[in-house]
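Colleague: I have a model open and would like to know where the terms used for it come from. Could we go through them together?

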Amino acid sequence: MATASVTSSTAGRLLGTVRLPLSIFAFLALALGVLGIDQFVNAMTLGAIYALVALGYTMVYGIIELINFAHGDVFMVGSFVAMFISSSLLGNEGSITNVPLLGVSVLVLFALTIGVMALLGALIERLAYRPLRRAPKLAPLITAIGVSFILQNLIQFFFGPTIVTVPQLVPIEWSIQISGSRVPLLNLFVIASSVILMVALQLFISRTRTGRAMRTTSMDRDASSLMGVNINRTIMITFLIGSGLAGAAGVVHGLYYGNTNYSLGFQSGLKAFTAAVLGGIGNTAGAALGGFLIAFVEVGASAFGYGRWGGAVVFSLLVIFLVFRPTGLLGSHTGDRA
Amino acid sequence: MKVFNKKGLSALAAVAILAAACGGSTASTAGKTLTIGISFPLNGASLASAGPARDGALLAIKEASIEGYTLKAKVLDHAKDGAHNPDQAAADMLTFVGQEDVVAVVGPFNSASARAQIPVSSEAGLLQCSPSNTNPTLTKGADGEALRGGRAVNYVRVATTDDLQGPAVAVYAKENGAKKIYILDSTDAYGKGVADAFETQFKADGGTVVGRQGLPTGTTDFSAAATAAKAAGADSIFYGGVTSDGAPLFRNALAQAGIGALPFYGADGIYDGTTEGSYIATAGANAENSYASQAAIENIPGKDDFNVKFKAEYGKDAEGYAFAGYACAQIIVEGIKAAVAGGDVTRETVRAAVVDKGTVFETVLGSVSFDAVGDTTQRIISLYKVEGGAWKFVKEINYGN
């Protein structure tokens, strides 16, 4: 009797660990079958960008329970910073066909943009959110909306309200053939760089001392403080990382689409926020999953001629999740699960 | 008495022409002030397209002189954050209505703003002339009748309507050899409307629509639609919408999907010059082999003379709706002169003079007159093609009177 129960719980635990990867794999296989390889790659690419932005939402919510509505605009600013660095500082005009030069340019672009955006994120936290740390929850929420408008207007002031072109450093002609379909290397590059950043983030949160401080702060700020965690520093690092990832998303957005505009943050921000909620707000792996899920829904709608209703489907999904599974796909807190 | 008036009118016209010929803005003899309102979206992204219309109207008002009256212009801007704002457009129209010396208004630029303004101006009997509105329902049928509340026509326009623009592009696409078209629209009144009109005509001429869908303004990812167009085997693309809805982004996505060489058709929504933020500037090299239309005449009779005047005044070439804006102001000035000749200048006499079906106005666009609902009888659609990074005029289709 006792042996049987041990066996079944071991099996259950084993099932628990493989259930998620299995269902993700099943979903991807189904999507690939339904959409075909071209649209599958489109969805993965769009999902990679949504996921990078969604991470920032979810990290900030996880640690200070603030829905940072300015985060979509931080992403937008990131795309402009990337554009400025790429075209004005590095002097790029179009694609670079020299592979070593392309590699160096892209790395420098990522490093500088992530650096600038991380600093901007920390600055926003220091000036707009930290003074309101003990204020009622509504106050920082409204401040976030204010920050969102400030960022939009600043960008409009400096770069104008029109669509701005961004140099597409990776040549769009480069492609490989996968089972008869032409898959652009640019798409693979976008997916790969996002996945690398997401894996790095997971490792940082789960393996480093600062990562542990972030998890404990999100579980219980006062107790963490008593255990010697520097709360202000930890929260600032969360903003540094979240905004840095938004900067990286800005870089890949520019490289992939070749343009940006000052109102980019509103729509994309809303989608990324939805992704964070779908995945279970506060949960970093969930945010990434949610980003890909939304991208598949949108691309699927557009692939079959129902692009008109793509937005409606995405936000219906949000409502359905909030009603029936408010903790999202993976549940709310990474901290609680660790 | 009548004869005298006619003589007076022609004498005044002669004076006006003389003044215009001298390019003079001779300070009008002091007298009663008459103001022509100018109502456009004039900041941010809207300035590139509506700015020339304003400049044209201001130039015509500056050139005009009316004996015994001082003619002034008053410009109100109804763009918010760079986008035309119909609520603000209606509020601006109320401002004009409230200012007694405003006898007529040039504007607005966008059909949605016209929809907000016409009920206000119509109630006050204040004439307005739009250089660019192309939505048919602003004037025609039950919709037009409802908009002006059953009152006399007070709204005229020198641009012809979208119901001709979509079909004209369809006919042209067919001539270019398009057989299988993929249609994308921006889901709003203009984009979907012009795409519907295009689709109807294209099908009627024996073409096949291999796919059709809409992606709203604010969409940044057009890759799925581009891939769908490729999968459907389209030989040409039509986009119903304006540049800021995402036309150049769609064009770029098509190139990234490997079908950037297909002809790309649009209407006047993508015919917006080459300035920053325009279709050509944003799509860059991908813009080649794109086609667009404009609901206006391209072969403007006095184009070169007008260009010289315009450049002398503003230091730049006249483009886009500069001609139409100038024509609107010309028509209003002629209306005022007719009212002066009639001995009584009021909003009502100016309105009646302009909407009169029998009157033919000689404008920079050529001869213009208005039908029973205020639409221009000059029904010409001009077609353009992108060549070497600029719009080149191809031909015009004249739908006659």
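Colleague: Which residue of S6(B) is the bridge partner of B:Val105?

Modeller: The partner of B:Val105 in S6(B) is B:Gln128. This is a predicted model, in which local features need pLDDT of at least 70, side-chain atom pairs count only at pLDDT 80 or more, and totals for chains, interfaces and linings use all residues. Residues are numbered from 1 along each chain as its sequence is written, and chains are lettered from A and ligands numbered from 1 in the order in which they are written.

Colleague: What makes strand S5 and strand S6 of chain B a pair?

Modeller: Two strands pair if DSSP finds at least two bridges between them. Strand S5 (residues 102-106) and strand S6 (residues 127-130) of chain B have three bridges, so they count as paired, in the parallel sense. Strands themselves are DSSP runs of E with at least two residues, helices are runs of H or I with at least four, and both are numbered from the N terminus. Chain B comes to 13 helices and 16 strands.

Colleague: Why are S2 and S7 of chain B said to stand at the edges?

Modeller: The open sheet has five strands in the order S2-S1-S5-S6-S7 (chain B), with parallel pairing. Strand S2 (69-77) and strand S7 (155-157) of chain B each have a single partner strand, so one side of each has no neighbour in the sheet. From one strand to the next, the twist averages 20°.

Colleague: Which strands does helix H2 of chain B lie across?

Modeller: Helix H2 (residues 47-63) of chain B lies across S1 (32-40), S2 and S5, at about 165° to S1(B). Helix H3 (residues 86-98) of chain B also touches S1, S2 and S5, and its direction makes about 175° with that of S1(B). Such angles run from 0 to 180 degrees between N-to-C directions, with axes fitted to C-alpha atoms, for helices over the stretch in contact. Contact means that the C-beta atoms, placed from the backbone, lie within 7 Å.

Colleague: What is the strand order in the open sheet of seven strands?

Modeller: The order is S9-S8-S10-S11-S12-S15-S16 (chain B), and the pairing is mixed. Strand S9 (208-214) and strand S16 (390-398) of chain B are the edge strands, each pairing on one side only. Inside this sheet, S10 (residues 236-240) and S11 (residues 264-266) of chain B run parallel and are joined by three bridges; B:Tyr239 has B:Gly266 as its partner in S11(B).

Colleague: How is chain B divided into domains?

Modeller: Domain 1 is 2-159 + 299-370 and domain 2 is 162-294 + 381-398 of chain B, with bounds from an automatic or database domain assignment.

Colleague: Why does the radius of gyration of chain B agree with a compact globule?

Modeller: The rule is 2.2 Å times the number of residues to the power 0.38, with the radius taken over C-alpha atoms. For 401 residues a compact globule would have a value near 21 Å; chain B has 22 Å, so the two agree.

Colleague: What is the average pLDDT of chain B?

Modeller: pLDDT is the predictor's confidence in each residue, from 0 to 100. Chain B averages 88, and 92% of the residues score at least 70. Over residues 1-29 of chain B, however, pLDDT stays under 50.

How values were computed:
Contact = placed C-beta atoms within 7 Å.
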